[in-house]
Amino acid sequence: MASTVFFTDLSANYQGNLLTKLGRLMEAAGVKDVVKERDLAAVKLHFGEMGNTAYIRPVFLRKVVEVLKGLGAVPFLTDANTVYAGTRSDAPHHLETAIHNGFAYSVVGAPIIIADGLRGKSDVAVEINQKRFREVYVAAEIARADALVSVAHFKGHELAGFGGAIKNVGMGAASRRGKLAQHSTVSPKVKKKTCVGCGECVKNCAQQAISLKEKKAVIDGDKCVGCGECIVVCPTGSVQIQWNQSGAIFLENMVEYTLGVLKGKEDKSLFVNFVTDVSPGCDCFPYNDAPIVRDIGIFASRDPVAIDQACADMVNREGALEGARMKKNRNPGEDKFRGIYPSVEWEIQLEYAQQLGLGSRDYTIEKL
Ligand code: SF4
Ligand code: SF4
């Protein structure tokens with residue numbers, strides 16, 4: 001059955017600016033059925049890596065917060081720590097980055113809680129019993145929230161083709177070991193050339209899986225549980241993820257994680273996608289390249305599959321912008337994501353998500 005995706009373009013006037021339109025969009029998509037009074041509502045977003053400027057503007061999050069507070073809920077903004085060493089790989093740095101990028105309480109009107117804790121180790125194992133994972137590791141404070149509002153910046157993505165609601169929830173709400181499990185089936189590896197033998201990774205490995213041999217770190221794959229701690233503590237960036245998952249498997253992993261994050265919140269979740277500043281790559285990069293298509297608008301739905309399908313279709317309907325990175329598929333109707341990442345079969349995330357019952361690829365658009 002087709003799901004409804006609500007949409008507003010970016011036209012505005014005295015009767016309605018983009019903030020009021022966002023509020024109306026959430027209302028139309030049924031936000032009042034998702035949260036009730038006193039619900040602790042996780043607003044899952046990406047605060048943007050330091051240096052990136054394509055993430056969603058904080059004032060839009062303030063509107064989301066206002067809508068939720070207006071319904072008596074208690075919203076908090078949240079994301080989980082990264083698996084790579086960057087400006088969001090532990091809670092203090094993550095909070096500093098968020099504030100640096102404009103998400104201060106005085107702007108957004110709600111506190112920020114980093115959902116997997118100080119070092120990305122706070123998670124909840126959720127049983128899903130699917131073909132790729134028996135259980136998945138969901139960032140604890142998202143798992144424990146009463147409701148989830150995903151506010152995703154829809155853009156291209158180097159591994160997933162595009163990143164939207166499914167990726168914001170499946171990858172974004174996974175704890176560090178959950179993220180690593182989606183990317184790799186083997187332990188991280190040490191780049192011997194740059195390892196200076198400082199022993200930081202040895203000290204921080206709770207499994208005692210790392211030792212120093214001839215002043216170089218060595219990881220015992222049998223003891224490693226894939227928590228990712230050594231990756232983020234290494235001062236020289238010498239511990240690296242072995243990206244051994246094929247594209248298709250990575251996408252299925254991400255979808256199974258989405259299933260796990262949404263388990264128990266099937267009626268308590270809402271998805272908002274901003275198709276604006278449509279950068280070719282993830283907001284995890286400390287930069288964003290020129291946008292690939294024009295700003296299209298804001299979408300909202302109760303169905304994470306339908307909303308991502310609708311956004312992908314809308315992007316592909318556009319012609320590429322001057323300065324956009326892709327060399328081919330630049331014309332209206334051509335696949336923009338394959339234009340940038342020719343080998344990524346992005347449809348897999350939608351098809352597999354539909355297969356797992358997360359939603360429908362069939363949708364109808366209701367324009368406000
Ligand atoms: S933390 Fe990095 S540089 Fe230090 S021993 Fe481990 S791998 Fe080598
Ligand atoms: S990933 Fe975690 S368990 Fe594995 S070696 Fe690194 S710190 Fe140890």
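# Burial and span, helix by helix

Visitor: Which residues of α12 are buried?
Guide: In this predicted model, the buried residues of α12 are Pro-304, Val-305, Ala-306, Ile-307, Asp-308, Gln-309, Ala-310, Cys-311, Ala-312, Met-314 and Val-315. Each of them therefore has 20 or more other C-beta atoms within 10 Å of its own.

Visitor: What makes α12 mostly covered?
Guide: Eleven of the 14 residues of α12 are buried, and on that count the helix is mostly covered.

Visitor: Why does the span of helix α12 agree with its 14 residues?
Guide: Helix α12 runs over residues 304–317 and, at 1.5 Å a residue, should span 20 Å. Its end C-alpha atoms are 20 Å apart, so the two values agree.

Visitor: Why is α11 called largely enclosed?
Guide: Of its 16 residues, 13 are buried, so the rest of the structure largely encloses α11.

Visitor: Why is helix α8 also described as largely enclosed?
Guide: Helix α8 covers residues 176–183, and eight of its eight residues are buried, so the rest of the structure largely encloses it. Charged side chains are included in that count: Arg-176, Arg-177 and Lys-179 are among the buried residues of α8.

Visitor: What covers the buried residues of α8?
Guide: The cover includes β5 (123–127), β6 (135–139) and α11.

Visitor: Why does Ala-290 count as neither buried nor exposed, but in between?
Guide: Ala-290 has 14 C-beta neighbours inside 10 Å. A buried residue needs 20 or more and an exposed one has 12 or fewer, so Ala-290 counts as partly exposed.

Visitor: Where does Ala-290 lie, and which residues is Ala-290 in contact with?
Guide: Ala-290 is in the loop between β14 (269–275) and β15 (297–301). Leaving aside neighbours within four places in sequence, its contacts are Leu-321, Gly-323, Ala-324 and Arg-325. From Ala-248, 42 residues away along the chain, Ala-290 is separated by 27 Å between C-alpha atoms.

Visitor: Which residues come nearest to ligand 1, and which to ligand 2?
Guide: Of the 13 residues around ligand 1, the nearest are Cys-195, Cys-198, Cys-201, Ala-217 and Cys-234. By class, that shell has eight nonpolar, four polar and one charged residues. Around ligand 2 there are 14 residues, of which Cys-205, Cys-224, Cys-227, Glu-229 and Cys-230 come nearest. The shell of ligand 2 has nine nonpolar, four polar and one charged residues.

Visitor: How is the chain divided into domains, and what are the bounds?
Guide: Domain 1 takes 3–182 + 244–367, and domain 2 takes 186–240. Their centres, taken over C-alpha atoms, are separated by 31 Å. Twelve residues from domain 1 and nine residues from domain 2 make the contact. On the domain 1 side, these residues are five nonpolar, two polar and five charged.

Notes
Residues numbered from 1 in each chain as written. Chains lettered and ligands numbered in written order. Predicted model: local features only at pLDDT ≥ 70, side-chain atom pairs only at ≥ 80, totals over all residues. Domains from an automatic or database assignment. Contact = placed C-beta atoms within 7 Å. Near = placed C-beta within 6 Å. Helix = DSSP H or I, 4+ residues; strand = E, 2+ residues; numbered from the N terminus. Expected span 1.5 Å × (residues − 1).
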